[in-house]
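Hi there,

Here is the structure I promised to hand over. Have a look at it first, and my notes on what turned up follow below.

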Amino acid sequence: MESILPPNAHELAHRRLHVSITSTRTGKNSLVSSFSSREDLIKVLMASSFLPLYAGLKPVEYQGQKWVDGGFTNGLPILPVGRTVTVSPFSGRLDISPQDKGQLGVYVNIANQDVLLSLANLVRLSQALFPPSKPEMECLHRRGFEDAVGFLLRENRFE
């Protein structure tokens, strides 16, 4: 992130990006959308992707507390105002996600997100934890782009 984010990333993200994190002390979710510095933005992003054991043993410290991935407590935050476009790499009841065909239609709610119980989603979980080859990643990227285009067409957002 240090090499990718511009110096004013925190200003660009202010009140436009909402990041879900979980407090290790209380187990409660917090949505962060105000970033006082680029370093704060990076810490929040690191916390939002911290999976204990998988990413290490020491959670990310931010504002005097330790934080981990917000997906543990709220994997699909819905903002109180306006339209929240829901996006997930897992097939489920979302605006933008893969659409698995020929399934039984059994959903499980995991941290505020209805996910289809399917073999394809188990494969996606495995790929999230153990990324596949570059060509396969490029294929997944292309499919995600197509899912987003499909959403825009359904919503009549293309002009």
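A word on terms before the notes: a residue is called buried under 20% relative accessible area, exposed over 50%, and partly exposed in between (1.4 Å probe, protein chains only). This is a predicted model, so local features need pLDDT of at least 70 and side-chain atom pairs count only at pLDDT 80 or more, while totals for chains, interfaces and linings use all residues. Residues are numbered from 1 along each chain as its sequence is written, and side-chain values use heavy atoms, with hydrogens and water left out.

Helices (H or I, at least four residues) and strands (E, at least two) are DSSP runs, numbered from the N terminus. Helix α3 covers residues 119-129, and its buried residues are N121, R124 and Q127. Seen down the helix axis, these fall within an arc of 115 degrees, so they line one face of α3; the arc is that of the directions from the axis to the C-beta atoms. That buried side packs against β6 (113-116) and α4 (134-154), where contact means heavy atoms within 4.5 Å. On the face turned away from it sit the exposed residues L119 and L122.

R124 also forms a salt bridge with D100, with the closest N and O atoms 2.7 Å apart. A salt bridge here is a side-chain nitrogen of Lys or Arg within 4 Å of a carboxyl oxygen of Asp or Glu. The pair links distant parts of the chain, 24 residues apart: R124 is in helix α3, and D100 is in the loop between β4 and β5. R124 counts as buried at 18% relative accessibility, and D100 is buried with a relative accessible area of 18%.

**The other salt bridges**

How many salt bridges does a search of the whole structure find? The search finds 8. In one of them, the side chains of E39 and K43 meet at 3.9 Å, N to O. These two are 4 residues apart in helix α2, so about one helical turn separates them. E39 is exposed at 53% relative accessibility, whereas K43 is partly exposed at 31%.

E61 and K66 make another, at 3.5 Å, N to O. Here E61 is partly exposed at 43% relative accessibility, and K66 is partly exposed as well, at 31%. There is also a network of salt bridges linking R83, D95 and E155.

**The nonpolar core**

In soluble globular proteins, nonpolar side chains tend to be buried together. A nonpolar core is taken as a set of buried Ala, Val, Leu, Ile, Met, Phe, Trp, Tyr and Cys residues joined through side-chain atoms within 4.5 Å. The largest one has 14 residues, of which I21, V32, F35, V44 and Y62 touch the most other members. Elements giving two or more residues to this core are α1 (9-13), β1 (19-23), α2, β3 (60-62) and β4. With 3 residues, α2 gives the most.

Leaving out residues up to four places away in sequence, F35 touches H10, A13, H14, L17, V19, L41 and V44. R38, in helix α2 (residues 38-48), is buried with a relative accessible area of 17%.

**Loops and surface**

T73 lies in the loop between β4 and β5 and is partly exposed, at 29% relative accessible area. The C-alpha atoms of T73 and G27 are separated by 7.6 Å, although the two are 46 residues apart along the chain. Beyond four places in sequence, T73 is in contact with I21, T22, G27, K28, N29 and A111.

Most residues other than glycine have a negative phi. R15, however, has a positive phi of about 65 degrees; this residue lies in the loop between α1 and β1 and is exposed at 54% relative accessibility. A111, in the loop between β5 and β6, has a positive phi of about 50 degrees.

Finally, L104, V106, V108, I110 and L117 form a nonpolar surface patch with about 490 Å² of accessible area together. Patches are made of residues with over 30% relative accessible area and no salt bridge, with like charges joined within 9 Å and nonpolar side chains (Val, Leu, Ile, Met, Phe, Trp, Tyr) within 5 Å. Accessible areas come from the Shrake-Rupley method with a 1.4 Å probe, and for residues only the protein chains shown count as cover.

Best wishes
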